[in-house]
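Subject: Handover of a structure

Dear colleague,

Please find below the structure that I am handing over to you. I would ask you to keep it open while you read the notes that come after it.

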Amino acid sequence: MDDVLIVGGGPAGAIAALVLARAGVGVTVLDRATFPRDKLCGDSLNPGAMAVLARHGLAPAVSRAAVSVRGMLLTGPGGAVVRASYPDGITGCSIRRRELDHVLIEAASRAGARVEFGVRVGGPITERGHHGCRVSGVETQAAGGLSHRQARVVIAADGRRSTLALALGLIRHPSRPRRWAIGAYFENVSGLTELGEMHVRRDHYIGVAPMPGGLTNACLVVPEAIARAHGVDRALERALGADHQLADRFAHARRVTPLAVLGPLAVDAGAAGVEGLLLAGDAGGFIDPITGDGLRLAMTSAELAAAAALESLNGVAGAHARLARRRRRQSGLKVLANRGLRSMVDRPAAVSGLALLARVWPAALAPLANYAGDVTSSTRRAFSEAAIE
Ligand SMILES: Cc1cc2nc3c(=O)[nH]c(=O)nc-3n(C[C@H](O)[C@H](O)[C@H](O)COP(=O)(O)OP(=O)(O)OC[C@H]3O[C@@H](n4cnc5c(N)ncnc54)[C@H](O)[C@@H]3O)c2cc1C
């Protein structure tokens, strides 16, 4: 039996595994994919995420495969443009997820975590616990067939459509907003700078990030009805070609990867687990990509889940309830702000109002970049203590 079984080897699963392995716990990570693997994402690590990586000694390895991002360019309908730099010496970066996730899972493996790829988890194994259902392991499916894996603690880090959290009724898809994400890499895009870009329009938004190797990540988030009406396979290039800020810059661009499509995006979570099971990363609640802080939240929630797992192994009861409280304390406001922005970009009149504000008073929106970037006192401290390029 494993001490801790982690389902999902993305950033949340890898950070939880790293923390637990370094604490001397027997930990196994199961992932249905074989790494390195691609994953649809805006690929931006904000300064807060860089600070988390620095805490674990991972910032140099990540920075080597990344390009620096020194702030944000925000544009809105009607020509609104806000450029905001992070404070001096503070940066984010952009890195392909196949590189980032590989660096993190390799670090967890070097720290002593067992990593098994190509293993799909089908559901939890449950038994009667002290206060209702208790998770004692998971059912798996791999090349060798079906099997049952027991563990003292299971961490579900299996992403926004978490098989384990769905099976236990811990997450749900809200009826609104129903938005889809469509992304790809391009070459030959002009006008890129050291800023990450978010282009908010009346019924969609487009993230653009400069990538290593001269590539550009472009990612469209659009209501399901519009994606279907225009054809999911044409929606991204159509939106880029019709955009007043981006059409010229993408005029000579060539898409170099297939389109990646995800949806519906929104997932809401209530609890942080049940007895024997803790949620980490997107499995515990997905944050809208508009603020570009999902990776920071995923990794910090994984640190909290690892700490709760350690307490549970030491016989402290109520780990999932404590995890829920700590997550609310650490990121509750951020999640609320993200929900507010998420419902705002669902309303064309609100987007127009914000764009008007940005045109007449751009300085009013500049602090948004630092807020979305998690430029807090602990981020500043991490940058002053560690060498982050
Ligand atoms: C369109 C889009 C753009 C985004 N852009 C950004 C951005 O620019 N910056 C940012 O900070 N965040 C961004 N995010 C958010 C970010 O991608 C997530 O917050 C992050 O991936 C969460 O990490 P995770 O480890 O929780 O889950 P994931 O990265 O989804 O990893 C989950 C892992 O679990 C595995 N898995 C799933 N189900 C099973 C199963 N049944 N059995 C075994 N393994 C399983 C998967 O193979 C995967 O490897 C974006 C998200 C989207 C959708």
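Predicted model: local features only at pLDDT ≥ 70, side-chain atom pairs only at ≥ 80, totals over all residues.

Residues are numbered from 1 along each chain as its sequence is written, and side-chain values use heavy atoms, with hydrogens and water left out.

The ligand site

The ligand is surrounded by 34 residues, and D31, G42, S44, R97 and L295 are the closest.

A polar backbone atom of R32 is 3.1 Å from a nitrogen atom of the ligand, and a polar backbone atom of S44 is 2.8 Å from a nitrogen atom of the ligand. An oxygen atom of the ligand lies 3.4 Å from a backbone N or O atom of D43. On its own the ligand has 1000 Å² of accessible area, of which the protein covers 95%. Accessible areas come from the Shrake-Rupley method with a 1.4 Å probe, and for residues only the protein chains shown count as cover.

Which elements give two or more residues to the shell around the ligand? They are α1 (11-22), β9 (120-129) and α8 (294-313), and α8 gives the largest share, three residues. Helices (H or I, at least four residues) and strands (E, at least two) are DSSP runs, numbered from the N terminus.

T300 is found in helix α8. A polar atom of the T300 side chain lies 2.9 Å from the backbone oxygen of R296. T300 is buried, with a relative accessible area of 4%; buried means under 20% relative accessible area, exposed over 50%, and partly exposed in between (1.4 Å probe, protein chains only).

The backbone

D43 has a positive phi of about 70° although it is not a glycine. D43 sits in the loop between β2 (27-31) and β3 (44-45) and is buried, at 1% relative accessibility. N188, also a residue other than glycine, has a positive phi near 65°. Is N188 buried or exposed? N188 counts as exposed, at 52% relative accessibility, and lies in the loop between β13 and β14 (195-200).

One joins R176 and P177, with omega about -10°, and P177 lies in the loop between β12 (171-172) and β13 (179-187). Another joins G263 and P264, with omega about -15°.

Salt bridges

Side chains of opposite charge can pair when their charged atoms come close. The structure holds 27 salt bridges, each defined as a side-chain nitrogen of Lys or Arg within 4 Å of a carboxyl oxygen of Asp or Glu.

One of them joins the side chains of D3 and R152 (3.4 Å, N to O). This pair links distant parts of the chain, with D3 in strand β1 (residues 2-7) and R152 in strand β11 (residues 145-156), 149 residues apart.

Another salt bridge joins R178 and E224 (2.6 Å, N to O). R178 lies in the loop between β12 and β13 and E224 in helix α6 (residues 224-230), so the pair ties together parts that are 46 residues apart in sequence. R178 is partly exposed, at 38%, whereas E224 is buried, at 13% relative accessible area. Salt bridges that share partners also join D2, R114, E116 and R149 into one network.

Yours sincerely

Methods
Near = heavy atom within 4 Å. Polar contact = N/O pair within 3.5 Å; in protein donor to acceptor, adjacent residues only side chain to side chain.
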